[in-house]
Amino acid sequence: VQQAESGGGMAQSGGSLTLSCAASGGTFSNLAVTWFRQAAGKEREWVTTVSWSGRSAYFSDAVKGRFSIARDDAKNVVYLQMNSLKTEDTAVYYCAAGSGTARAEDYVYWGQGTLVTVSS
């Protein structure tokens with residue numbers, strides 16, 4: 001299954017954005033979905049993972065308590081709710097479906113990503 005990200009844009013520090021990850025060519029059923037982000041000049045880093053059942057979610061220390069993740073398997077969409085945004089959240093955000101590993105190199109299919117820019 002491949003995926004497409006949307007919902008990025010500009011926000012002010014302290015603001016909120018909701019990103020969407022939509023499946024194409026398949027479904028997210030029985031797959032964990034993970035969000036990564038990549039800031040300019042930096043490596044792609046793990047942000048959060050939701051388990052295939054939706055019962056478990058894991059967050060990096062950088063976003064814990066500010067971001068949440070939810071999946072709607074009926075719509076084949078996973079949402080990333082980002083609150084209390086900080087300038088350091090500025091990055092291109094990508095989602096990936098699979099085993100739920102936090103290693104970007106373990107994923108084959110990547111979408112175009114969606115750019116989030118947070119201004120102070």
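Tutor: Two residues are said to be in contact when heavy atoms of theirs lie within 4.5 Å. The model is predicted, so local features are reported only at pLDDT of at least 70 and side-chain atom pairs only at pLDDT 80 or more, whereas totals for chains, interfaces and linings use all residues. Residues are numbered from 1 along each chain as its sequence is written, and side-chain values use heavy atoms, with hydrogens and water left out.

Let us begin with Leu31, which sits in the loop between strand E3 (17–24) and strand E4. Here a strand is a DSSP run of E with at least two residues, a helix is a run of H or I with at least four, and both are numbered from the N terminus. Apart from its neighbours within four places in sequence, Leu31 is in contact with Val1, Ser51, Trp52, Arg71, Ala97 and Gly98. The relative accessible area of Leu31 is 24%, so this residue is partly exposed; buried means under 20%, exposed means over 50%, and partly exposed lies in between, with a 1.4 Å probe and protein chains only.

With 61% relative accessibility, Asn30 is exposed. Its phi is positive, about 65°, although Asn30 is not a glycine. Most residues other than glycine have a negative phi. Asn76 also has a positive phi, near 60°. Asn76 belongs to the loop between strand E7 (67–72) and strand E8 (77–82), and with a relative accessible area of 17% it is buried.

We now follow the chain onward from the loop. Strand E4 (residues 32–38) pairs with strand E5 (residues 45–50) in the antiparallel sense, through five bridges; two strands count as paired if DSSP finds at least two bridges between them. Phe36 has Trp46 of E5 as its bridge partner. Six residues separate E4 and E5 in their hairpin, and Gly41 there adopts a positive phi near 80°.

E5 is also joined to strand E6 (residues 57–59), by three bridges, and these two strands run antiparallel. The bridge partner of Thr48 in E6 is Phe59. This second hairpin, of E5 and E6, again has six residues between its strands, and Gly54 in the turn has a positive phi of about 85°.

The protein has ten strands and zero helices. Its radius of gyration is 13 Å, close to the 14 Å of the globule rule for 120 residues, so the protein is as compact as a globular protein of that length. This radius is taken over C-alpha atoms, and the rule is 2.2 Å times the number of residues to the power 0.38. Along its principal axes, the C-alpha trace spans about 40 × 25 × 25 Å. Of the 120 residues, 40% are buried. Among contacts between residues at least 6 apart in sequence, 56% join residues at least 24 apart.
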